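Subject: Handover of a structure and findings

Dear colleague,

Please find below the structure that I am handing over to you, together with its sequence. My findings follow directly after it.

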Amino acid sequence: MVFKMEQSWAAIEEKWQARWREAKIFEADPSDKPKVFVTFPYAYLNGPLHLGHAYTCLRVDIYARFKRMQGYNVLFPFAFHATGEPIAGVAERVRKKDEKQIKILIESGISPNDIEKFSDPEYIVEYYRVEGIKAFNRIGFSIDWRRQFTTITREYNKFIEWQYYTLKEKGYVQKGTHPVVWCPSCQSPTGDHDRLAGEGVSPIDYILLKFRFEDSWLVMATLRPETIFGVVNVWVNPDADYVKAEVNNEKWIMSKEAVIKFIEQKKRVKVIEEFKGEKILGKYCTVPLTNRLVPILPAYFVDPNNATGIVMSVPSHAPYDWLGLLDLKNNPEILEKYGLSSKILEDIKPISLIKTPGLGEHPAIDIVTEMKIKDQKDPKAEEATKIVYKKEFHQGVLRENTGKYSGIAVREIKDKLTADLIDNNIADLMWETADRVICRCNTPCIVKILEDQWFLTYSNHEWKKIAHDVLDNAIVLPPEAKSAFEYTIDWLTDKACARRTGLGTKLPWDKEWIVETLSDSTIYMAFYTIAKYINDGRLKAEHLTREFFNYVFLSKGDPDKLSEKLGLERDLIEEVKKEFEYWYPVDLRNSAKELVYNHFTFFLFHHGAIFPKKHWPRILGVNGMINIEGQKMSKSKGIFISINEAINQFGADATRLELAYASEGLADADWRSADVIGLRNKIISTFHMLKSIEEDLDEKIELVDKWLESRVNIAIKKSTEHYERLENRSAIQEAFFNLQNDLKWYLRRKIKPSNIFRKAVETMVKLVAPVLPHFSEELWSYWGNKGFISLEKWPECDDNKINIEYDVWENYLQALLADIREIIKVNKISKPSRIRIYVAPEWKYEIYREAQKKPANLFESIMKQERYKKYGKEVLNYLKKLQKTSIIQVQIDKGKEVKMLEESAWFIKKELGIEQLVIVHSETSEHPKSKIADPLKPGILIE
């Protein structure tokens, strides 16, 4: 039975998707209506669209559907990104028969017989483009597909050429020498989206300290040069390959893997000798500045790929170094393996060089003990390191043993000390990535000092100011995301904008270079406005000259001369221009928070550089990431679910509801299959409940009808506000869950529903239509309505019909029933026959009303009054109760409470299955229950 229901529900969803397409209701053209233009970052075509895409894109679709129902002319276009290495990388790995890549393709639904086709990048682009459209249609996104494109067409290339000529003319694209993350295999800079691992990782300048060793220098990189005063030993990996090399006329010792790094960083390197790390274990080297001799010790944790593969040890301030020494002490066999005596450790004494308030002389040793960290593999070691480093950086000062640097704050010492060390030829600079970066071609990346490379000059202060202006001109949702944009604008440095390999647009003035992935995806929203003219054949690549774009997008140039030069009708040129000017600017740009630190902020820079203020974006939406069953989503690790997989298993509306309800704001969501099943069942049960509305309605309007009407208007008001702020979880809570609970309560309270109930149900279905479009369309049609609910008028709140007092009395009734049931349960009363309800005495209502006025001295004013003295301690006890009570700010009197009980007596008896309900005025009773009866909290006696 459940299987048939699911099958029929899938058919319902497919039916409405087909009807939307046939009626073309999401195709938007300029009109006299106010417009809303929404966009979501186009997806890479290197795999199937997954829940990560759906999670972020759904926010845009919900907003688009909401605004469409509000009467706006809404454009929601979509396109596909094919630039750079992602697709070329997949094709290359398939050509190389990479087992991991082939497994990923097969697990995503590709037939083993078709794998060979994926060695062709163009086939990959077309395959995933078609599949992407199907997936987004299946989930019910309201996209105008007439405007789709991919980023490797001739037409798009012409657009990007215009963009980069424009930026270059303004001085924002320049050739220079900068450190870049570099793929030695592709021989190109590797941008964030060209990486299998290490997205967001940038080059960092390390200080390269030189320790004298025999006739050479041991070189080791650090971000904290001041710790040189606390070095007590040096770590080397015994099994790693090291070299002695001539570097700029000096002899340096480093890991073999470091050689290529120095070569790419413009140093002259000639390898003299190659050896294993164990060769130099037990020997001594000299620490710069202090001239202290320290031993070279074995450490398997040293990664030869990290910097130079040699690490200095400062155990007083670095928990890992202290743990490394403890590991050697506790495992003497490691030293013995390399012919070293454990006595070598006896002479090693930690040296404290930083004084920090709240920390002891040796903070690393102290925190290892306090946190009970076992060894270097203990996860707590990383936390301990962060705690010590943070406190020392912000509050620490150098001790007397640092000589002339004594008393200088740690946060201020780096530049001065580095300059001194370099001047004394005991230090150099080395660029390194803060974490591992792997190119899409599977090659580990390094940092290269690149000459004659084209860069976007994000360090330009004038351009930064413009980007800040663009940001300040927009609304950021949620507001707390704005600081991340501000931070990114401020720290961004010049960024390589081109690479030598992969797909994309060649730099028009230097065709050896191809514009990279994050640099050709910053203003493409403007391209959506003209894409339909390209797709229907009215505009061709040869028409898309710089003059054409200047006129259409920037109103520069003569349309008559342009028409003559291009051989285009002037009317068509003007139509295209009006199309752009009608839709621009982007009203909502929504993206995941991880893109704020690159792509999303680049979007601000480029819009500010190219377009006038009237065409700057209006709303910037940011959301969190999505996990799968508690794990971070990762395609490479197989922790992801495609949109098609989710819909096949759960259906479109259940998938949408889970994604929309899982989280809001910047918080990360967690997709849980068990939750989706529960939500799917909720959708289906709600559908059948609402489907069975009675046609024969009660004409009599009672208090509960007015309550429902008030609740509906509150739901309209709140859910509308939430949708406006992209707070979809809160909107769903109001419109779907809370309002549904209200409808169920109403049906229990009312013998025969009124027309208000019918209107409430219709309103609820409209309010959830942006999230559950198939569910809503089916109900709307079933009730005999014509047209699509997707195009119906959004409900408007009537504030005059909102009355909180109705809530007070319905909540009162619900609480009363809950209290009675609890008493029955606790006292194990099998079948009560009569219940007495004791209503509080009038004097308590009088005091309650006094408390509503919030007087400064309620106790004093009440206790002074003669009329309350006859009630003795009862008055004091009630006042103490009120102190712990949330005072309701609506008129409360005994008459209303009694009336509510009298009118609801039939309902209470029905709900509890009792024969008699007796309402007792406490003034007329001596029963103990009458003494505890308070306003809105009557005494209860069950017989």
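Which residues does Phe736 touch, not counting residues up to four places away in sequence? Please note before the reply that this is a predicted model. Phe736 touches Leu657, Lys682, Ile683, Thr686, Ala731, Met764, Val768, Leu772 and Phe775. Phe736 itself has its place in helix H24, which covers residues 728-749. With a relative accessible area of 1%, Phe736 is buried.

Asp934 is found in the loop between helix H34 (928-932) and strand E33 (939-942). Its relative accessibility is 7%, and Asp934 therefore counts as buried. The side chain of Asp934 is joined to that of Lys844 by a polar contact of 2.7 Å. Leaving aside neighbours within four places in sequence, the contacts of Asp934 are Ala840, Lys844, Tyr878, Lys881 and Glu897.

Lys448 is found in strand E21 and counts as buried at 12% relative accessibility. Its side chain makes a polar contact of 2.3 Å with the side chain of Glu264. Beyond its neighbours within four places in sequence, Lys448 is in contact with His178, Pro179, Val180, Trp182 and Glu264.

Arg129 is found in helix H5 (residues 121-138). Is Arg129 buried or exposed? At 18% relative accessibility, Arg129 counts as buried, because the cut-off for that class is under 20%. A polar contact of 2.7 Å joins its side chain to that of Gln148. With neighbours within four places in sequence left aside, Arg129 is in contact with Leu45, Phe80, Gln148 and Thr150.

Helix H11 covers residues 380-395, and its 16 residues should span 22 Å at 1.5 Å a residue; the end C-alpha atoms are 22 Å apart, so the two values agree. The buried residues of H11 are Ala381, Ala384, Thr385, Val388 and Glu392. Seen down the helix axis, these buried residues fall within an arc of 100°, so they line one face of H11. Lys386 and Lys390 are exposed, on the face of H11 turned away from the buried side. The cover over the buried residues of H11 includes helix H8 (319-330), strand E17 (354-355), helix H10 (363-370) and helix H12 (410-423).

Helix H13 (residues 461-473) has 13 residues and reaches 18 Å from its first C-alpha to its last, close to the 18 Å expected. At its start, a side-chain oxygen of Asn460 comes to within 2.8 Å of the backbone nitrogen of Glu462. In H13 the buried residues are Trp463, Lys464, Ile466, Ala467, His468, Val470 and Leu471. They pack against several elements, among them strand E21 (446-456), which is also where Lys448 is found. The other partners include helix H6 (154-169), helix H14 (482-491) and helix H19 (599-610).

The second largest pocket

About 1600 Å³ of space lies in the second largest pocket. Its lining consists of 42 residues, and those nearest the centre are Tyr206, Ala221, Asn306, Val311 and Ala434. Strand E9 (216-222), helix H7 (258-264), strand E16 (310-313), H8, H11 and strand E19 (427-433) each give two or more residues to this lining. Which element provides the largest share? That share, 4 residues, comes from H11.

The cavity

A search of the whole structure finds 1 cavity of 30 Å³ or more. The largest cavity has a volume of about 70 Å³. Its lining is formed by Tyr55, Leu58, Arg59, Ile62, Leu659, Ala660, Ser663, Glu664, Leu726 and Asn728. Helix H2 (51-69) and helix H21 (652-661) each supply at least two of the lining residues, and H2 gives the most, with 4 residues.

With kind regards

Notes:
Residues are numbered from 1 along each chain as its sequence is written. This is a predicted model: local features need pLDDT of at least 70, side-chain atom pairs count only at pLDDT 80 or more; totals for chains, interfaces and linings use all residues. Side-chain values use heavy atoms; hydrogens and water are left out. The expected span of a helix is 1.5 Å times one less than its number of residues. Buried means under 20% relative accessible area, exposed over 50%, partly exposed in between (1.4 Å probe, protein chains only). Contact means heavy atoms within 4.5 Å. A polar contact is a pair of N or O atoms within 3.5 Å; within protein, one must be able to donate a hydrogen and the other to accept it, and residues adjacent in sequence count only if both atoms are side-chain atoms. The arc is that of the directions from the helix axis to the C-beta atoms. On a 1 Å grid over the protein atoms alone, a cavity is a set of points where a 1.4 Å probe fits but cannot get out, and a pocket is an open set with protein on both sides within 12 Å along at least five of seven lines; lining residues have an atom within 4 Å of a point. Grid points are joined across faces, edges and corners, and a volume is the space filled by probe spheres set on the points.
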